[in-house]
Amino acid sequence: MKILVINGPNLNMLGVREPGIYGSRSFADLLRLLDETARSEGVEVEQFQSNHEGDLVDKIQWAWGKVDGIVINPAAYTHTSVAILDALKAVSIPAVEVHISDVDAREPFRQISYAGMACEKTIKGRGLEGYREAIAYLKERYG
Ligand code: DQA
């Protein structure tokens with residue numbers, strides 16, 4: 001089983017960025033966690049991070065016919081991007097949305113998720129562990 005993990009803008013700044021909200025673990029720590037999870041779950045994990053909306057859309061389109069599941073944290077584009085929603089709908093690959101912080105407990109503008117409308121599950125407020133849970137869910141359901 002192959003799972004694509006997609007991270008949107010500013011997630012490459014984890015550890016530096018608002019540690020009171022996102023924690024002190026770095027993006028490199030997240031990549032290590034993904035490697036460990038791939039090994040423990042016995043799945044192949046490819047990761048992609050971009051600060052650019054169109055690149056995220058391109059990567060979702062690329063995934064069609066190549067991956068069995070998508071884990072996506074679209075970051076700020078969660079709350080604005082119909083293009084990412086449409087790309088997820090277009091490829092129709094089982095997808096799980098992850099947010100490191102509990103977006104529901106934050107500003108009102110973070111409480112709408114366009115991407116989430118094309119995802120079968122949302123995991124939020126679990127820190128980096130949310131990515132492990134999302135991969136485990138896809139493995140359990142589709143692996
Ligand atoms: C985030 C929450 C978003 O509202 C924010 O714009 C992010 C990160 C999260 O993982 O908690 O960049 O997606």
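Axes are lines fitted to C-alpha atoms, for helices over the stretch in contact, and angles run from 0 to 180 degrees between N-to-C directions. I note at the outset that this is a predicted model.

**Entry 1: a pair of helices**

Two packed helices are described by the angle between their axes and the distance between the axes. I looked up both values for helix α3, residues 53-63, and helix α4, residues 82-91. Their angle is about 5°, and their axes lie 9 Å apart. Angles under 35 degrees count as roughly parallel, and α3 and α4 are therefore roughly parallel to each other.

Which residues of α3 meet α4? I found E53, L56, V57, I60 and Q61 on the α3 side. On the α4 side I listed A83, I84, A87, L88 and V91. Sorted by class, the residues of this contact comprise eight nonpolar, one polar and one charged.

**Entry 2: the ligand**

I next recorded what surrounds the ligand. The shell consists of R17, Y22, N73, A75, A76, H79, H99, I100, S101, V103 and R110. By class, I noted five nonpolar, four polar and two charged residues in this shell.

I then examined the oxygen atoms of the ligand. An N or O atom in the side chain of R17 is 2.8 Å from a ligand oxygen atom. A polar backbone atom of I100 is 2.8 Å from an oxygen atom of the ligand, and for a polar backbone atom of A76 the distance is 3.2 Å. How much of the ligand does the protein bury? Taken alone, the ligand exposes 320 Å², and the protein buries 98% of that.

**Entry 3: S113**

Where is S113 found? I located S113 in the loop between β4 (95-99) and β5 (121-124). Its side chain makes a polar contact with the side chain of E97, at 2.5 Å. The side chain of S113 also reaches the backbone nitrogen of G116, at 2.8 Å. Setting aside neighbours within four places in sequence, I recorded T78 and E97 as contacts of S113.

Notes: Residues are numbered from 1 along each chain as its sequence is written. This is a predicted model: local features need pLDDT of at least 70, side-chain atom pairs count only at pLDDT 80 or more; totals for chains, interfaces and linings use all residues. Side-chain values use heavy atoms; hydrogens and water are left out. A residue is near a molecule or strand if one of its heavy atoms lies within 4 Å of it. A polar contact is a pair of N or O atoms within 3.5 Å; within protein, one must be able to donate a hydrogen and the other to accept it, and residues adjacent in sequence count only if both atoms are side-chain atoms. Accessible areas come from the Shrake-Rupley method with a 1.4 Å probe; for residues, only the protein chains shown count as cover. Ala, Val, Leu, Ile, Met, Phe, Trp, Tyr, Cys and Pro count as nonpolar, Asp, Glu, Lys and Arg as charged, and the others, Gly among them, as polar. Helices (H or I, at least four residues) and strands (E, at least two) are DSSP runs, numbered from the N terminus. Angles under 35 degrees count as roughly parallel, over 145 as roughly antiparallel, 65 to 115 as roughly perpendicular and the rest as oblique. Contact means heavy atoms within 4.5 Å.
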